[in-house]
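Here's a quick tour of a few spots in this protein. Have the sequence and the 3D view open as you read.

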Amino acid sequence: MSLVEKINKLKKEKNAIILTHCYQNIEIDEVSDFVGDSLYLSRMAAKTDADIIVFAGVYFMAQSAKILSPNKKVFLPNMNSGCLMADMIDVENLRLFKAKNPNIPVVCYINSTAEVKAECDICCTSSNAVEVVKSLNVPKILFAPDTYLGKWVEHKLGNVEVITFNGFCPTHLRIRVEDMQLARRQYPNALILAHPECHCEVSKLADFVGSTKEIMEFAQKSDNKQFVIATEKGVVDRLNRDSKLNNWGKEFILINENIVCPNMKCNTLEDIYRTLETECNEITLDEDIIDKARLSIDKMLSI
């Protein structure tokens, strides 16, 4: 019996589902029930009657799944799969950030721990950050932890001052202005699609800026046949696979061969099998943290 067959057998026996983020190794899709961005995955899992959730992603994503499905068991295949951006802020640093800027609403990026979410007024994703900030109808907000997404929101709205915590995604910051300029020369007929976690000067040079989901949807719907993708390699792998499977006749090029998140690539099929078999690496959260973090997510979802 192959490893994929063993995993699928265990899933049935234990009433388990597997969630896979688009930055994961592409072979994990073979055993996945849902593939997408982090909030979508957690919301889909909450709608199922599964007893067990295995989240092939990073730590904060598995926490989000637990927040939205507190009565389900949630597991992370590899506990080394963390997020460097999320690790840049903790509750103590967030409280200091708030103390320096009192009486200003705090918007928290989904790429943060449950404990940090519990200390914020409202959560957001890269897809809805502009809408969330706009909905607050205030002249000034605090944004944590990603300074570049925060400043992208400020640029898009124009009438809101966004005071950002100094966090960032090391993978997206490997994309340089020089990479964008080179891509224009090498692929003059391509559209360049970038994630708002990129440096602001990089985002300004893109033809389209959006979340992982938005980039993939834009690429699928566009009449263009060639695209340079300025985000993590997993997106390019899936777009090229889907283009071949569905005869899109489109080519997707990773802007820089170094745009690989090592933490996202920690999870393997072997890890998933071991986790399902032994039920190791369970995500646990205090009920108080779940309730407070859920409030910040629910406020976002109500918009």
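In which helix does Ser203 lie? Ser203 is part of helix α9, which covers residues 200-203. Before going further, keep in mind that this is a predicted model.

Is Ser203 buried or exposed? With a relative accessible area of 3%, Ser203 is buried, because anything under 20% counts as buried.

## Ser42 in α2

Another serine to look at is Ser42, found in helix α2 (residues 38-47). Ser42 is buried too, and its relative accessible area comes out at 0%.

What does the side chain of Ser42 reach? It gets to the backbone nitrogen of Ala65, at 3.3 Å. Ala65 also turns up among the residues that Ser42 touches, along with Leu19, Phe55, Met61, Ser64 and Leu68, again not counting residues up to four places away in sequence.

## Asp121 in a loop

Now for a loop residue: Asp121 lies between α5 (114-117) and β6 (122-124). Asp121 has a relative accessible area of 36%. That makes Asp121 partly exposed, because the value falls between the 20% and 50% cut-offs.

Which backbone atom does the Asp121 side chain reach? The answer is the nitrogen of Val106, at 2.7 Å. Val106 is also one of the residues Asp121 touches, and the others are Ile104, Pro105, Ser296 and Lys299, with residues up to four places away in sequence left out.

## Where α10 meets α11

Last stop is a pair of helices, α10 (residues 212-221) and α11 (residues 233-246). Their axes come within 11 Å and cross at roughly 30°. Angles under 35 degrees count as roughly parallel, so that is how α10 and α11 run relative to each other. The crossing of α10 past α11 is right-handed.

Which residues make the contact? On the α10 side you'll find Thr212, Ile215, Met216 and Ala219, and they meet Val235, Arg238 and Leu239 of α11. Sorted by type, the residues of this contact are five nonpolar, one polar and one charged.

Terms used:
Residues are numbered from 1 along each chain as its sequence is written. This is a predicted model: local features need pLDDT of at least 70, side-chain atom pairs count only at pLDDT 80 or more; totals for chains, interfaces and linings use all residues. Side-chain values use heavy atoms; hydrogens and water are left out. Axes are lines fitted to C-alpha atoms, for helices over the stretch in contact, and angles run from 0 to 180 degrees between N-to-C directions. Helices (H or I, at least four residues) and strands (E, at least two) are DSSP runs, numbered from the N terminus. Angles under 35 degrees count as roughly parallel, over 145 as roughly antiparallel, 65 to 115 as roughly perpendicular and the rest as oblique. A crossing is left-handed if the near helix is turned anticlockwise from the far one by less than a right angle, and right-handed if clockwise. Contact means heavy atoms within 4.5 Å. Ala, Val, Leu, Ile, Met, Phe, Trp, Tyr, Cys and Pro count as nonpolar, Asp, Glu, Lys and Arg as charged, and the others, Gly among them, as polar. Buried means under 20% relative accessible area, exposed over 50%, partly exposed in between (1.4 Å probe, protein chains only). A polar contact is a pair of N or O atoms within 3.5 Å; within protein, one must be able to donate a hydrogen and the other to accept it, and residues adjacent in sequence count only if both atoms are side-chain atoms.
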